[in-house]
Amino acid sequence: MNAATFDNFRTLLESAAGRTPAGETPARRTQLGTYAALSAVVMAALWGVAAGSVAPSLAVQNLYKVPAIVLLSGLSAIPAGLLAAYLSNSGARATDLLLSYATSIFAGTLVMAVLAPLVAVYYHTSTWAGPLLGLGSALLGVSVGVWVFVRVSLHAVTNSRGRSGVLFAIAVFTAVKLAMMLQLIAIMSPILPQADTFDGGIDTLVSR
Amino acid sequence: MTAALRRWAALAMGTFSLWHPQPSEAQATQSVFIDIDGALSGADHYVELHRDTLTVDSTWVLAQGILEGHQVPLVPPLPAGVTVESDRLVAVRDERREVIALRPTRALFERERVPIRISLPRDRGLGLATLPIPTPRARSIQRVRFGRGIRFEVGEETPLSVAAGIQVGRGIGHRARRRADTALDGPHAHRRVGALYVLSDSDGLEGRLYSASEHRAGLTLVAAALFLLAAAGVYRLYRRAQRAVDRERVDAYLASQVPPAEAREWGIATSANANGEPPREAT
């Protein structure tokens, strides 16, 4: 890890913790945003390997499946989210919103990555705790991501009207991302060694 | 025969049938089929693909009772190799082992719901050109739904119009469809998104059945290709942003080392402005 990479990682981590750096140029924000997306891809792959480690073929497939779900669902929500931010007159800059969004994905996948060793060990040693931890860590990652998104986005907005607009945009970003994620999981399944609720996408969540 | 007489006859035949149980699988007979035109309110067919079998869980809702011993002809016949399970109907096969009719084991009453399960081997089911649903020769609406393991592509010969999540065949109006839904699901029937509504037809519902998992496998490849493209795009954007940031830093460093007038002369960007705009190059 060279100095620039470490600097980007540290800046994103501080941003996720609520200490948003001020006075960043658009180029810098773009750099941080894209770095966050690329880091998320790597961290998602790490979690995917851990979750599928019981079956070697599944672990190898998860190297691209989980990152693909994270990246494609993330990218798919951007047009709708930005449109919502614009129409709600939030006043937030697109690059700020995108950086917050990328930071949230970074934070969510970071949570999954740090839990990956635990997921792998439990999958190998427990028949009931492994699946629970596998699914639980993914849900925790999503929850932390949403929480960080709200916190980082609201940090940059001061007036109440802008605040409600940003919250609306966050809701749209999150809803579209989760909706896309659900169907991508259905397309890419199996991801976890055991069958789970999300394997069949929306069809399994809605009763026959 | 009036409806009241039919009901009494059906009741009498049903009572009689208690003493004379029918065999589970009947052979084809030379009897003339009764035309049960108008005897069916509607039918629901739920098609699902399993590991080794294709199943169709059908429910007929009868508009009129059917006497025991009468055969209900199917249009088109179900292919050879299907297994028919029902506690109220038995299969009648021809010499080619196709199921050409179903025969009640007891009298069936008006508004009775008759469950039927059709199953056949997976490969055989996927190779059929016509959907293997038990369709009686009666003018009635057939509602077909598909499980998450299977997809059905309707043949070009079958004109269907798409209406907010459902596909409706020619000759089925909105009210008729609602009536069929009510007959099948009760007064609180809701819209069955994804369902097909067709009138029973002697040619059957033509189309192609295919496995959803095989379809998903194709989509996985598309998603993987999209992912690679997206990742490459994000990486390229990152490299460009990194170069821009490096330039800004160099400019900022040089600007701090030389006086502003000289910086402008050398074309060095002075600094980012208060709005966070990119440094503009001095002319």
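Helices here are DSSP runs of H or I with at least four residues, strands are E runs of at least two, and both are numbered from the N terminus. The model is a predicted one, in which local features need pLDDT of at least 70 and side-chain atom pairs count only at pLDDT 80 or more, while totals for chains, interfaces and linings use all residues. Residues are numbered from 1 along each chain as its sequence is written, chains are lettered from A and ligands numbered from 1 in the order in which they are written, and side-chain values use heavy atoms, with hydrogens and water left out.

I looked up the contact between the two residues: Asp7(A) forms a salt bridge with Arg10(A), and their closest N and O atoms are 3.1 Å apart. A salt bridge requires a side-chain nitrogen of Lys or Arg within 4 Å of a carboxyl oxygen of Asp or Glu. Arg10(A) has 37% relative accessibility and counts as partly exposed. The term buried means under 20% relative accessible area, exposed means over 50%, and partly exposed lies in between (1.4 Å probe, protein chains only).

I then turned to Glu24(A), which has a salt bridge to Arg28(A) with the closest N and O atoms 3.7 Å apart. Glu24(A) is buried at a relative accessible area of 18%, and Arg28(A) is buried at 6%. I noted that Asp7(A), Arg10(A), Glu14(A), Glu24(A), Arg28(A) and Arg249(B) are linked in a network of salt bridges.

**Chain B**

I recorded a salt bridge between Glu112(B) and Arg106(B), with the closest N and O atoms 2.8 Å apart. Glu112(B) is buried at 11% relative accessibility, whereas Arg106(B) is partly exposed at 27%. Over all chains, the count comes to 16 salt bridges.

Next I examined strand S3 (residues 53-62) of chain B, where 9 of the 10 residues are buried. S3(B) pairs with strand S8 (residues 113-121) of chain B in the antiparallel sense, over 9 bridges. Two strands count as paired if DSSP finds at least two bridges between them. I found that Val56(B) has Ile118(B), in S8(B), as its bridge partner.

**Backbone angles**

I checked the peptide bonds. The bond joining Ser189(A) and Pro190(A) is cis, with omega about 5°; Pro190(A) is placed in the loop between helix H6 (160-188) and helix H7 (202-205) of chain A. The bond from Val75(B) to Pro76(B) is also cis, with omega near -15°, and Pro76(B) belongs to strand S4 (residues 72-78) of chain B.

Asn89(A) has a phi of about 55° and sits in the loop between helix H3 (56-87) and helix H4 (94-125) of chain A. Arg97(B) has a phi near 70°, in the loop between strand S6 (89-93) and strand S7 (99-104) of chain B. Asn89(A) is partly exposed at 45% relative accessible area, and Arg97(B) is partly exposed at 40%.

**Surface patch**

Lastly, I noted that Val49(A), Val60(A) and Leu63(A) form a nonpolar surface patch with about 240 Å² of accessible area together. Such areas come from the Shrake-Rupley method with a 1.4 Å probe, and for residues only the protein chains shown count as cover. Patch residues have over 30% relative accessible area and no salt bridge; like charges are joined within 9 Å and nonpolar side chains (Val, Leu, Ile, Met, Phe, Trp, Tyr) within 5 Å. Leu63(A) lies in helix H3 of chain A and is partly exposed at 46%.
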